[in-house]
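This report describes a structure with attention to its sheet, its domains and its helix packing. The sequence and the coordinates are shown first.

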Amino acid sequence: MSRAMKNTTAEAGETQPVLSIEKLKVTFATDVGDVQAVKDVSFTVAPGEIVAIVGESGSGKTVTAKAILGLLPETALSSGAVVISGNDIITVSQHQLRQIRGRDVAMVFQEPSTALNPVYTVGWQIAEGLRAHRPEGKRVGRKEARKLAIEALGKVGIPEPETRVDYYPHQFSGGQKQRVVIAAALALNPGLIVADEPTTALDVTVQAEILELLRDLRDQYGTSIVLITHNMGVVADLADRVVVMFQGDVVELASSEVLFSAPKQVYTQQLLAAVPHLGRNSASAGFTERAFQDKEVLVEARDLEIEYPGRLGSPAFKAVDKVSFTISSGEVFGLVGESGSGKTTIGRAIAGLNRTTGGSLNVLGYEMLNFKERSFRPLRKDIGFVFQDPAASFNPHLSIGECVAEPLIIHTDLSGPAITAKVEDLLESVQLPRAYAKRFPHELSGGQRQRASLARGLALKPRLLIADEPTSALDVSVQAKVLELFREIQTELGFAALFISHDLAVVDILAEWVGVLYKGRMVEQGIGNQIMGNPQDDYTKRLLASLPVPNPAEQAERRAIHQALLRGE
Amino acid sequence: METKKSLFSRLPIISQLKKSMGLQRGMLVAGIVLTVLFLLTAALAPLIAPYGATQRFDVAQGPPSSVHIWGTTAGGYDVFSRTIWGAQTAFLVIVVAVVLSIFLGVILGLLSGYIGGWLDRIMVVVADAIYAFPTLLLAMVMSIALSQGRSTVWSGILSAAISITVVFIPQYFRVIRAETIRLKAEPFVESALVVGASSVRIMARHIYKNATRTLPLIFTLNASEAILTLAGLGFLGFGIEPSTAAEWGYDLNHAQSDATAGIWWTGVFPGAAIVLTVLGLTLLGESMNDLNDPRLRGRKRSGKKIRKKNNTTQDEVVDA
């Protein structure tokens with residue numbers, strides 16, 4: 001009934017937007033005074049339209065999304081107007097707000113595993129939203145709610161919804177969980193869905209499926225979607241119009257085709273230029289055979305197996321299964337794979353943070369199968385490690401200088417002033433001001449911290465550097481700079497590197513030789529440009545096809561190819 | 001962005017006072033005032049108290065008068081002086097007990113959490129076993145074992161302090177162990193491991209400072225518990241003898257029979273001293289705990305001007 005009504009109103013006034021935001025301004029009260037998170041944002045969303053809000057961290061995109069649902073914390077003060085079907089979210093009462101949520105607007109969160117309550121069945125969680133409202137003037141009965149929940153699960157493409165409705169969240173995979181979250185959002189047929197980074201926590205292949213689902217929803221049910229994301233590829237894939245935000249302001253608002261082909265503002269141009277694009281700027285461009293293959297082999301894995309012991313009764317989990325590869329001196333080996341593929345496990349095993357359980361892993365002449373911390377310690381000065389999250393990999397109580405000095409203090413006999421000088425030189429080599437040695441980690445930005453992390457990894461001029469997703473916690477523009485720096489330093493110092501990433505485009509920029517991992521197995525390895533350009537393995541093909549590129553026209557083509565691939569050629 | 005602040009404003013209590021507001025600030029200020037009052041009394045006891053703690057008078061159970069402003073006890077002690085000197089005893093016991101238990105608890109917690117394995121398992125079992133004992137019973141056993149019936153000022157204070165220590169070590173041990181286990185998996189500890197730092201270096205330089213952040217909070221909360229335990233020991237007669245030092249719990253015990261006879265002054269004052277000191281320390285600890293957690297900390301609403309502007313824009317929208 002309510003859907004029918006909504007449809008008529010939509011038809012009656014095609015120009016009537018589903019959502020209209022006018023001069024939205026959000027201020028947070030913090031310990032250091034008021035912070036303006038959103039300064040002046042205005043845009044509208046028409047029925048059946050997908051509007052993407054893009055921006056880097058701190059641009060205010062998530063705060064805007066939360067303001068649409070009235071989910072801002074108590075410390076926030078908002079002004080302006082957020083009008084959804086005639087109600088201004090900012091001024092309505094809590095009671096009205098509850099009615100609007102779910103009925104007129106729903107939200108899809110970033111992390112599907114935390115958005116679902118683990119102790120209730122998914123059916124119950126979908127029904128919860130239904131029972132909170134009275135769609136047709138009366139409470140939804142238990143059976144009725146179950147029926148609607150099954151219907152909603154069917155809509156989002158969960159197979160066998162009749163049985164799956166009684167499953168608990170942990171019985172679903174990450175992508176399916178996100179489908180369930182979307183089903184819960186859809187249960188009351190809201191005209192508008194706000195999706196806050198809906199695919200960021202998911203693997204690329206799963207991301208492609210979720211994007212497909214969101215597009216279907218729009219096409220079939222005319223649902224409008226506000227998509228919050230930092231991924232330009234996702235934007236190119238899905239959005240009709242794009243709102244680019246920077247430091248709380250709207251920088252540019254244009255249709256997707258126009259924005260990607262002819263960005264007007266300097267910021268947008270820079271942002272688009274920083275996005276790594278598959279096939280451009282490849283490290284192995286023009287290579288036909290493996291570089292450095294005549295050099296000394298630093299790491300050699302033969303039928304490497306790494307198992308994690310299972311809990312009582314359950315068998316051990318094989319994270320790495322019969323993987324063989326070599327890393328030669330001076331070579332950058334790119335290891336690509338989705339979550340759970342075992343790529344981080346391999347990196348950690350080489351650094352002696354994980355024990356190997358089978359096969360052979362030879363690191364700098366040391367057999368890791370009989371690993372003893374005491375005998376391996378002297379070799380540690382030849383191995384640098386750069387961690388994924390630069391914020392967490394520094395001791396918050398030590399200054400940057402002290403952190404970078406750690407390896408020098410442990411492995412060399414340098415005196416205090418000599419170490420200080422050396423640390424400052426190192427910081428300079430990663431393009432950080434010398435004075436930053438006295439700063440504390442929290443006083444640096446993410447990119448600066450990752451540079452400092454690189455400086456620490458390189459402090460002892462190691463022969464091998466292991467970089468575990470070093471740029472995945474960074475914004476694109478920062479990522480571009482860190483990658484460039486990495487490439488420069490690597491060429492200059494000539495160390496071998498194992499570069500681990502889930503992002504094919506990033507790996508292609510740095511690595512001459514690329515290995516693709518899938519469920520603990522090395523499905524394919526070869527020269528970077530050959531893997532990217534002419535993949536042989538089915539999984540590699542799927543992985544490449546599901547990676548959205550930041551160009552709407554090109555992405556539409558790729559999407560068609562990907563669909564064909566999924567249907568089975 | 002946080003800038004360097006002066007050392008003074010970064011001190012534990014001062015920095016929290018600056019962050020606080022409203023009811024939280026009231027609680028914190030009340031806690032600080034009561035605690036400072038307690039500390040001053042303990043420090044200036046020789047100046048404030050008109051008589052010594054062990055000085056006896058012929059007037060037994062005398063009501064408040066100009067000579068003995070809070071009256072005297074059945075044993076002929078001056079209640080006012082005993083209450084003041086009691087603060088000093090309580091202070092010493094708290095300091096000795098808490099310092100000892102922090103030292104041992106932190107070291108054991110770090111070792112147990114970082115090294116793990118069988119060492120960890122044994123230590124946890126022992127800590128659990130101590131936890132399972134009734135606190136006061138354990139303190140009594142320790143007190144008897146240590147003082148062996150005889151009691152001088154220091155042996156009394158030490159035995160009380162050590163018996164309290166035994167009860168508190170598991171608390172510090174558990175907190176530090178839990179933090180250590182959490183920190184052990186943090187990337188910055190792993191990065192130290194990868195660099196080749198030794199276990200001792202990792203524990204001392206990387207984990208220790210990060211694990212002990214919550215200690216000031218447990219410290220204040222435990223200080224109040226230490227006073228209660230001391231008072232409990234004294235009340236049961238295992239504390240410090242009246243002939244060696246003043247102790248609130250003992251005085252309270254001996255005021256029991258007075259209360260039925262209508263002699264109120266012997267019990268009310270030491271009792272109030274215990275209540276106020278414990279209240280002060282608890283308020284201080286609790287409000288520091290809340291203020292350290294950004295989610296529990298109250299904040300001022302951001303400027304009221306914007307709210308007014310909000311109303312006007314809203315009117316405009318309605319008009320349009």
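In chain A, strand S13 (residues 332-337) and strand S19 (residues 513-518) run parallel and are joined by 5 bridges. Within S19(A), Trp513(A) is the bridge partner of Phe333(A). Strands here are DSSP runs of E of at least two residues, helices are runs of H or I of at least four residues, and both are numbered from the N terminus. Two strands count as paired if DSSP finds at least two bridges between them.

The model is predicted: local features need pLDDT of at least 70 and side-chain atom pairs count only at pLDDT 80 or more, whereas totals for chains, interfaces and linings use all residues. Residues are numbered from 1 along each chain as its sequence is written, and chains are lettered from A and ligands numbered from 1 in the order in which they are written.

An open sheet of 6 strands in chain A has the order S16-S17-S18-S13-S19-S20, with mixed pairing. Strand S16 (383-386) and strand S20 (521-527) of chain A are at the edges with a single partner strand each, so one side of each has no neighbour in the sheet. On average, neighbouring strands of this sheet are turned by 15 degrees against each other, direction ignored. Helix H13 (residues 343-350) of chain A lies across S13, S17, S18 and S19 of chain A and runs at about 150 degrees to S18(A). Such angles run from 0 to 180 degrees between N-to-C directions, and axes are lines fitted to C-alpha atoms, for helices over the stretch in contact.

| Domain of chain A | Residues |
|---|---|
| Domain 1 | 16-104 + 191-275 |
| Domain 2 | 117-189 |
| Domain 3 | 297-399 + 456-534 |

The C-alpha centres of domain 1 and domain 3 of chain A lie 36 Å apart. In this pair, 10 residues of domain 1 of chain A are in contact with 6 residues of domain 3 of chain A, contact meaning C-beta atoms, placed from the backbone, within 7 Å. On the side of domain 1 of chain A that touches domain 3 of chain A, H12(A) supplies the largest share, 3 residues.

In chain B, helix H5 (residues 79-115) and helix H11 (residues 215-236) pack at an angle of about 130 degrees, with their axes 9 Å apart.

How values were computed:
Domains from an automatic or database assignment. Contact = placed C-beta atoms within 7 Å.
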